[in-house]
Amino acid sequence: MNAVGIDVSKGKSTVAILRPGGEVVASPFEVSHNPRELNGLVTLIKSLDGDTKIVMEYTGSYYLPVALFLRKVGLFVSVVNPILVKDYSNKSLTVRKGKTDKKDSIKLAAFALDRWNELPLFSAQSHTRTLLKAFNRQYNQYTKLKVMLKNNLISILDQAFPGANTLFTTPARKADGHEKWIDFVLRFPHCECVSKKSFSAFSKGYLSWCRKGGYNFSDSKAKEIYKFACNCTPSLADSVAAHALVSAAILQLNTLNETLASLQKEMDLLASSLPEYDTVMSLYGVGSVLGSQLIAEIGDVSRFSNKKALVGFAGIDAPPFQSGNFNPQSRSISKRGSAALRKTLFQIMAVILQNAPANEPVFLFMDKKRSEGKHFYVYMMAGANKFLRIYYARVMESLNSLREAA
């Protein structure tokens with residue numbers, strides 16, 4: 001019985017091999033992530049007598065090439081949640097706590113020996129799911145950057161065209177991600193670009209801009225904008241330099257919006273090729289963007305043994321904590337799961353709460369908790385918990401139906 005612990009990092013891994021009784025087959029050594037050294041590791045592992053199991057942690061995307069390489073040559077590979085290994089200890093109280101790659105590889109090997117019969121066999125997700133998740137992580141990163149750039153633009157406009165971001169409530173266009181108020185201030189970067197003209201001249205310019213940009217024109221809206229601009233008090237003078245300052249911020253933001261729109265299309269296309277797509281899209285509060293993100297973060301739902309496992313994966317379960325007479329009735333969520341999935345669920349709950357659909361079970365459940373005086377985050381996460389249970393039931397039912405039909 002040989003337990004191989006691999007502590008994976010970027011570009012290299014630290015490997016240790018143990019046998020029962022504390023026998024060290026191989027002290028921790030480093031292996032670079034290239035075919036030559038990985039083949040050498042495979043040769044060493046296959047030369048060992050008895051059954052061999054390899055254990056490594058989920059470490060971003062670094063573990064994946066190594067796990068796939070070792071599985072391809074027929075070795076038993078198990079990839080476990082880092083939380084399980086972090087909470088595991090085979091040390092005594094007299095041993096000082098420490099963390100190095102060598103210690104971690106030994107700890108992983110010891111963990112493998114203790115949990116030998118419980119280790120799950122690593123099974124890579126399909127290429128589509130892996131790609132979809134990568135797209136979603138990039139989408140989330142660009143979204144954070146978009147918020148920063150939008151706030152930066154608003155701070156600049158507060159000096160040149162205060163309140164211009166409040167002139168339109170038109171949602172972003174799906175085709176290119178452009179927002180009307182952003183394109184408007186690209187054409188009219190300073191309030192005096194409006195107020196210095198007569199209303200007739202501005203109205204003609206505004207009409208021309210609407211037609212060119214594909215936006216709806218309204219004479220009443222033109223009057224509203226003109227009146228608003230005439231009442232503005234900018235701190236920056238109308239100048240070529242001020243126009244350049246606003247334009248530079250907008251060009252960056254529009255480029256990012258176009259990138260996000262492109263990512264949305266690709267994510268929806270990838271998600272639509274998966275068997276649960278139609279079922280997920282039928283859930284209330286889920287659209288092409290949030291639906292794709294939900295599928296990306298949950299992955300293949302059949303890998304969860306039950307709905308509680310899915311809720312635990314999201315980290316929105318409230319684990320019990322009782323000792324003696326102490327038995328609290330309210331517990332915080334564990335947050336020991338996918339933060340990206342929790343964010344997506346929170347956004348879906350916000351959509352459901354905002355639309356308040358009658359006879360929708362998740363909304364009725366949240367509304368009940370709200371009427372009981374529960375805190376906002378409490379009933380939002382309670383709703384997310386219920387939503388995930390419904391998700392699991394419906395998707396599993398759909399997948400089982402597809403299997404039976406096949």
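## An edge-to-face tyrosine pair

In this predicted model, Y63 is buried, since its relative accessible area is 11% and the cut-off for burial is under 20%. Its partner in a ring pair is Y58: the two ring centres are 5.2 Å apart and the planes meet at 80°, so the pair counts as edge-to-face, the angle being over 60 degrees.

## A tilted pair and an aromatic cluster

Y206 and F217 form a pair with centres 5.5 Å apart and planes at 50°, and the pair is therefore described as tilted. It links distant parts of the chain, with Y206 in helix α8 (residues 199–213) and F217 in the loop between α8 and α9 (219–230), 11 residues apart. Y206 has a relative accessibility of 0% and so counts as buried, whereas F217, at 32%, is partly exposed.

Both residues also belong to a cluster linked by ring pairs, whose members are F161, F168, F184, F188, F199, F202, Y206, W209, Y215, F217 and Y226. In total, the structure holds 19 aromatic pairs.

## Charges over ring faces

Two aromatic rings have a charged residue over the face: R303 lies over F313, at 5.1 Å from the ring centre, and K386 lies over F365, at 5.4 Å from the ring centre.

## Helix α5

Helix α5 covers residues 127–160, and its 34 residues should span 50 Å at 1.5 Å a residue; the C-alpha atoms at its ends are 49 Å apart, which agrees with that expectation.

Buried positions in α5 include R129, N136, Y139, K146, L153 and A160. The elements that cover the buried residues of this helix include α6 (180–187), α10 (240–272), α12 (288–298) and α14 (339–355). As a general point, an α-helix has 3.6 residues a turn, so residues three or four places apart point the same way.

In accessibility, A356 counts as partly exposed because its relative value is 38%, while N359, with a relative accessible area of 68%, is exposed.

Technical notes: Residues are numbered from 1 along each chain as its sequence is written. This is a predicted model: local features need pLDDT of at least 70, side-chain atom pairs count only at pLDDT 80 or more; totals for chains, interfaces and linings use all residues. Side-chain values use heavy atoms; hydrogens and water are left out. Helices (H or I, at least four residues) and strands (E, at least two) are DSSP runs, numbered from the N terminus. The expected span of a helix is 1.5 Å times one less than its number of residues. Buried means under 20% relative accessible area, exposed over 50%, partly exposed in between (1.4 Å probe, protein chains only). Contact means heavy atoms within 4.5 Å. Rings of Phe, Tyr and Trp (its six-membered ring) pair if their centres lie within 6.5 Å; planes under 30 degrees apart count as stacked, over 60 as edge-to-face and the rest as tilted. A charge sits over a ring if NZ of Lys or CZ of Arg is within 6 Å of the ring centre and within 35 degrees of the ring normal.
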